[in-house]
Amino acid sequence: MDFEFSEEQEQLRETVRRFLEERAPIETVRSLLDDPRGTTDELWKGTVQLGLPGLLIPEAFGGGGGGMLEMGVVLEEMGRHLHPGPYLSSALSAVALLRAAGTDDARERWFPALADGSLVATVALFEAGQRYEWRTPTLRSVDAGERCLLSGEKSFVPDLAAADVCFVTAATDDGTGIFGVECNAAGVETLPLPSIDGTRHHGTLRLDAAEARRVDAGGATDGIATALDFIHVGTVADGVGAATRAFELALEYARQREQFGTTIGSFQAVQHLLTDMLTELELGRAAAYYALWAADADPDDRRRTSILAKAFACQAFPRIAEDAIQIFGGVGYTWEYDIHLYYKRLLTLRHTFGGVTESLDELASIILD
Amino acid sequence: MDFSYPPEAEAFRQELRTWLDANLDDASRAARLDEGDPGERLEVLRRWNRTLADAGYAAVSWPSEYGGRDAGVMEQVVFSEEMHRAGAPGTVNPIGIANIAPSIMSWGTQEQKSRFLQRMLRGDDIWCQGFSEPGAGSDLASLRTRAVLDGDHYVVDGQKVWNTFGDIANYCELLVRTDPDAPKHRGITCLLVDMKQPGITVRPLVTITGEKGFSELFFDSVRVPVESRLGPENEGWKVAMTTLNNERGGVASLHLQVRKKIRSLCEEAASPELPGGPATSDPRTRERLAQLYLEGETLKLLSDRAISASVHGRAGPEGSLVKLVWSRVEQHVAELEGELFGPEALLGARGRRRLSARSMTIAGGTTQVNKNVVAQRVLGLPRNR
């Protein structure tokens, strides 16, 4: 029974942590809150120097050949440091979609540039007014010889402003397909979609007969579902980092804040709240780490473990941040203190790529049907 | 990460599975269930206990010099899993083996060890703990049962409550106050008391379900020889707090039973026998079952993390959280079972299960006391006033 990260994985964690502490401390994160790219060329270059964008890409394409455990370690650190920017979208979501549904051709076309970080990609799966329904896109593709033309709109596209390429799901004559769209091509319009969470940027993608290249070989639905398994696990790993830090901040505050002539951490009501937070955190951490492992090591159990982690984290992690705000009291409600940033990050986890209801529904189908 | 078990644990699994196939009889398996004449059941369980002891399976975590097999955490986990899988009853003496024996091994005289441990292991003697009192529950150290030295005997007067096995035990690990003037933790002494002697009255305690589950013990000038003292006088608190360091496998296996209940509940919910027909087409029931399943599975994963921390020497909080979570899940199972069965939830075994679930967050340390302990020992917060 080895539920521990390996020494190499812990070293990777240490490297990423040092990079983020030095190059993207909370002041940097705050300075990027209103920047729709959420990153700078220098910061992105830093992740490239560490070989992070290609972590999941096979070595044959210039990637790191790593797995989800390595990806999870990186994302947990990014969540812990509220790191904005397109890392998850490009290095995980886009890569997972290409791996799960892309043709050899598509992988050869995009993997090398994604691996060396010269290309930033994201995925556009959802449409406005559809909650999290991704199986039935209304955005359509029309065949135009070698290429296709896409028209329609995608909503809640993560990191759209930072992306060079967007992998878009569209209705085709043979079911749902995936298409690569260059974000600066004719007929492509990207609009920011400012949400309460400034550490996670989203956009609206409007396509009007935009040229696109088919990624899949038909019947992409299963592949998209598989990619979503990986995306869920990754976003939950990010959530583990953010929730852990929110918990630590609340604990530190409870230790030093004095009221009624003593530290508030000596009050039983506060102690029990912190214990509850720790309990939820450790349950969620266990679910997340196991799902990271199973994502690669036990494909037959991947759907169950990823949705389990997602369903738990979506409920528990924002609650941890809510309780943390409660422990901070009045200052927790101010812009000045950082705790709200963690709450917002965790609300994004809760409300993107599937909600609590959808996750429980899916879990129910797995165990009951 | 690697969730396979080490080869020696798997070898142990095979050995135990083969042994259980050959030795576990229907009578023993049936005696595990809470049905039939209690006296007959106890005799069947004692016989099964002796069979376990002869094969070295009655107390696998004990050192081999006392008849255990030095089982590490993983072997303890395998043991729990295989016994659960086979539906085999455990020892008749779980309190003695898990809680009292470690204290005797660390604090006992050679004479006490040879006199008690073998018989405890074989279920020849059944042991209970005389700890809680009407005025000393969560605040155990405020106990008031008195022992006064009179020549070579202590004379014990007082009352104990919540004794599991008080009705069948012939020995008791008893905590008494020997120095009423010392700070409360420092005036306590531990005695190993023969229950079959004058002055001890055992009265059944009727619980919330209307059944006799525990006992009250009354001590009226009971004479206990000095050589039955375990550890030094006035150091009984330390003695009582002794547990085996590697006794982690037990807590880490709590999820086995509760997850089985959750699986059964999912099956019952889908059954046409369910009052009102199968509930698995009802979206609300589906969501609640999924939520319960989520609780059970995350409990298992938390337990696995606790085992891993123990095996790899990582200081982690998981082990301290398992009981808190497990007790909550047990109660949620009982609640959802009630919801599924409507008015029938009030009847028979189902009704009793609903009631007995309340004990989970009280027995073995209330949830509130456990939270204090986690806050202070794991999170390092100051003691509250």
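What follows is a short exchange about labels and the values behind them.

Modeller: First, the ground rules. This is a predicted model, where local features need pLDDT of at least 70, side-chain atom pairs count only at pLDDT 80 or more, and totals for chains, interfaces and linings use all residues. Residues are numbered from 1 along each chain as its sequence is written, while chains are lettered from A and ligands numbered from 1 in the order in which they are written.

Colleague: What makes A:Phe353 count as buried?

Modeller: A residue is buried if 20 or more other C-beta atoms lie within 10 Å of its own, exposed if 12 or fewer, and partly exposed in between; the C-beta atoms are placed from the backbone. A:Phe353 has 23 C-beta neighbours inside 10 Å, so it counts as buried. It lies in the loop between α10 (339-351) and α11 of chain A.

Colleague: Why does B:Phe165 count as buried?

Modeller: B:Phe165 has 20 C-beta neighbours inside 10 Å, so it counts as buried. It sits in the loop between β3 (153-163) and β4 (171-177) of chain B. B:Phe165 is not a glycine, yet its phi is positive, at about 70°.

Colleague: Why is A:Gly65 called partly exposed?

Modeller: A:Gly65 has 15 other C-beta atoms within 10 Å, so it is partly exposed. Its place is the loop between α3 (41-49) and α4 (68-80) of chain A.

Colleague: What does A:Gly65 touch, not counting residues up to four places away in sequence?

Modeller: A:Gly65 touches A:Pro58 and A:Glu59 on that count. Two residues are in contact if their C-beta atoms, placed from the backbone, lie within 7 Å. A:Gly65 and A:Gly54 are eleven residues apart in sequence, and their C-alpha atoms are 7.8 Å apart.

Colleague: What makes B:Gln376 partly exposed?

Modeller: Its count is 16 other C-beta atoms within 10 Å, so B:Gln376 is partly exposed. B:Gln376 belongs to helix α13 (residues 367-378) of chain B. It touches B:Leu381 and B:Arg383, leaving out residues up to four places away in sequence.

Colleague: How does the reach of α4(A) compare with the expected value?

Modeller: The expected span of a helix is 1.5 Å times one less than its number of residues. α4(A) has 13 residues and reaches 18 Å from its first C-alpha to its last, close to the 18 Å expected.

Colleague: Why is α4(A) called mostly covered?

Modeller: 13 of its 13 residues are buried. Just after α4(A), A:Leu82 takes a positive phi of about 50°.

Colleague: Why are α4(B) and α10(B) called roughly antiparallel?

Modeller: Two packed helices are described by the angle between their axes and the distance between the axes. Axes are lines fitted to C-alpha atoms, for helices over the stretch in contact, and angles run from 0 to 180 degrees between N-to-C directions. Angles under 35 degrees count as roughly parallel, over 145 as roughly antiparallel, 65 to 115 as roughly perpendicular and the rest as oblique. Helix α4 (residues 73-86) and helix α10 (residues 283-312) of chain B pack at about 150°, with their axes 9 Å apart. They are therefore roughly antiparallel to each other.

Colleague: Which residues meet there, in α4(B) and α10(B)?

Modeller: B:Val73, B:Met74 and B:Val77 in α4(B) meet B:Ile307, B:Ser310 and B:Val311 in α10(B). By class, this contact has five nonpolar, one polar and no charged residues. Ala, Val, Leu, Ile, Met, Phe, Trp, Tyr, Cys and Pro count as nonpolar, Asp, Glu, Lys and Arg as charged, and the others, Gly among them, as polar.

Colleague: How many residues does each chain give to the contact between chain A and chain B?

Modeller: Chain A gives 32 residues and chain B gives 39. On the chain A side, α8(A) gives the most, with 13 residues. That side has 21 nonpolar, eight polar and three charged residues.

Key. Helices (H or I, at least four residues) and strands (E, at least two) are DSSP runs, numbered from the N terminus.
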